[in-house]
Structure formats: C-alpha cells, structure tokens
Amino acid sequence: MNEPLRIIIAGGGTGGHIFPAVAVAQALQRLHPGVALLFAGAKGKMEMEKVPQEGFDIVGLDIAGFNRSNMLKNLWLPFLLLKSAWQARRILKRFRPHAVVGVGGYASFPVLRAAQRRGIPTVIQEQNSFAGKSNMILGRRAKAVCVAYSGMERFFPADRLVVTGNPVRRQIAHSALTREEGQAWLGLDAGRKTILVVGGSLGAKSVNQAIDNSLERILGEGAQLIWQTGKPYHARAMERAASCAQQVRVFDFIREMDYAYAAADIVVSRAGALAIAELCIAARPVIFVPYPYAAEDHQTSNAMALVEHNAAVLVKDNEADKELFGKIKQLLHDNTMQQVMINNLKRMAVTDADERIANTVIRAARKEI
C-alpha cells in the first residue's frame, strides 16, 4: 500500500478516553508520516473541545448513552441510535479509512459497527481490566484488541489480543521534570509535602467533598495541595481556598499534568485506566477512590490490580468523607511505604503503549493481520 494511510479514531466522553486517543494519533504521525487522521466524537461532549486543541480534526455524532437519572430522556435514544448509525456510514463513505480505531465512549460503537459491516479493519483499545459490553460485541469482528491487563481472554477471542498497555501523553510518558521544577511552575513551597488531588477530567463529587471537609486538617499536617476539582466544584473550592491561598492551588482542569505529577509527593485519584497508566509512569504513591458507578465497577477492578501489588491504597467512594483524611495522613508520614509503592509502580509502568497500539493499527490498515 503506497498511498498515505487514512485512519479514523472514534470515541471520547472523558479525558480518560480522549488523551490516550490523542497519544495514539501522535504516535501514528511519528511512525507513518503523512497519515490522514480524523476523530469521531459525540456532539456536546468533551472531545469536541479537547481534540481540536491538540491539532486534530473531529466530526460529531448525535449520540448519547442510557440516562439512569432521567428516564424521559431515554425516549430519544432509539432515534439517536438510528441517526448516529446513519452519520457513521456517511463519515466512512466520505473519508474512506483504511482502518478505524475505537477508544471507548459513545461515538465508538456506531462508527466501529458501521466499519465492520463494510469490511473495514477495526482495532479496539480496551483500557480496563473488566471489558465493557460494547467492546465485547465489537471485539468479535475486530482485527485486534489492544489491552493492558492479563486475563482479558475472558472477554475477547484470545487470538485477537495484543498486550500493549494503556497509552499516555508523551509529555508525561517521557517527562524529565524534577520535583523542584514542578513546584516552581505551580508557585509552591518545595519544603512542604505536596498532595495532588485529581478526580478525573470531569471532577469527583465525593473526593471534592472529603477534601473540602478536611482541608484545615490536611494543611495542619504541614502539607500543601494541588486540587483539580472539575468545573462543577471549582467555584466552591476557590472559595474554600481563599483563606489559605499560599498552600492550595485550585484548578478546574490541569492540562499540564506532567508538572502536577512532578510536584506531587502523594496523589489522591479516581481509578480510571488513564490515571492508573499515568501514575505508574510518574511513580507517585496513590490513594484511589474508585468511581462506583462505572460500568461493571471497572474502576475498582483497575485499582485492585495495583493494591494487590502494594502499589496503591484504596478508599471506597461511600467512605471517602470519613476515611480519606486518615489514609492521607498515614501515607504522608510513612516514607517507607511511599518508597515501596514507588518501586512497585515503576515495575508496572509502560512508556511506549502509544507506539505499540499505533503499530497494530498500521498493520491492520495494511491488512497484515
């Protein structure tokens, strides 16, 4: 195949889907100069803003998931499913991709399903240790399923599995930033222990409330705080931090996570696949508070894969308000445990997952698999 490859990357919804997809796109550009890339996302979702910021084109589909909090909104769902299927076929006809990659999120299913029906090679990136139902359906006809955990033959045909790890933004995967550089960038006191609290790109209500309710106690331990709240809690957190601005940095979203990880001594985080991949590379002792309503409770499964290797601590979401401060205090002052976790996290790190996945996509596009 001499002509430049054309690849569609479909999915999004949260930073946990978007940033790995961008990492794979950038790896494709490095490995196959001249590749034509198009993202497909869900209208109104985060990818429609974040992907263009990274320099890539994106088209939006009218698609949504099942709404458990407002059942009336689901009346539109059959119409949206039909419309998104039609839109996906139209995108494929216009762009004529050699392969389509699914990274999870609402837009992933209709685009990959349409591609498979047209005989276009598809590759799935399954981030989690417990596969979602949509990916399990698509996996039956995918040319390859890129995974990060062992035992995934429970969900996919064993001969399609490619163990790649989860892709991480290059500035994090290959960061050479020092703690001092991270502290200076954030304007913090390098002499204080620093806690990074990050509830995912959309924030985490239970984590934010637990930090809010224990803020004075945390600072009383001689610590300082980098607090990514997500947009819904940002105004409240700014108000809470106003009286202790020297020790607290509040952000609704942190784009330069390489600096935040470099500055941190310990991290409090949700347990999405991207967060776990990044934390293994950054090697920062971490307390996970898994989001309990993720499909098949996959965040708890993700976190336990690290907890079982003494690489993380877990606090249940419904116990965060009463348990999180105690775990923070214990880990903050236990240098031995911090070092054990750092060593174990480093053993689990994968820094080239983006290129492993990109190579798999290129092989699928060339019909080599």
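Is Ala-283 buried or exposed? At 4% relative accessibility, Ala-283 counts as buried, a term that means under 20% relative accessible area, with exposed over 50% and partly exposed in between (1.4 Å probe, protein chains only). The model is predicted, so local features need pLDDT of at least 70 and side-chain atom pairs count only at pLDDT 80 or more, while totals for chains, interfaces and linings use all residues. Residues are numbered from 1 along each chain as its sequence is written, and side-chain values use heavy atoms, with hydrogens and water left out.

Ala-283 sits in the loop between α12 (273-282) and β12 (286-288); helices (H or I, at least four residues) and strands (E, at least two) are DSSP runs, numbered from the N terminus. Its phi is positive, about 55°, although Ala-283 is not a glycine. Asn-310 also has a positive phi of about 55° without being a glycine. Asn-310 belongs to the loop between α13 (298-307) and β13 (313-314), and its relative accessibility of 44% makes it partly exposed.

Glu-278 pairs with Arg-169, with the closest N and O atoms 2.9 Å apart. Glu-278 lies in α12 and Arg-169 in the loop between β7 (161-163) and α6 (170-173), so the bridge ties together parts that are 109 residues apart in sequence. Glu-278 is buried at 3% relative accessibility, and Arg-169 is buried at 8%.

The whole structure holds 17 salt bridges. Another of them joins Lys-43 and Asp-62, whose closest N and O atoms are 3.4 Å apart. This pair links distant parts of the chain, 19 residues apart: Lys-43 is in the loop between β2 (36-42) and α2 (47-53), and Asp-62 in the loop between β3 (58-61) and α3 (77-95). Lys-43 is partly exposed, at 47%, whereas Asp-62 is buried, at 17% relative accessibility.

Asp-265 is buried, with a relative accessible area of 14%. Elsewhere, salt bridges that share partners join Asp-212, Glu-216, Arg-236, Glu-239 and Arg-240 into one network.

Notes:
Salt bridge = Lys/Arg side-chain N within 4 Å of Asp/Glu carboxyl O.
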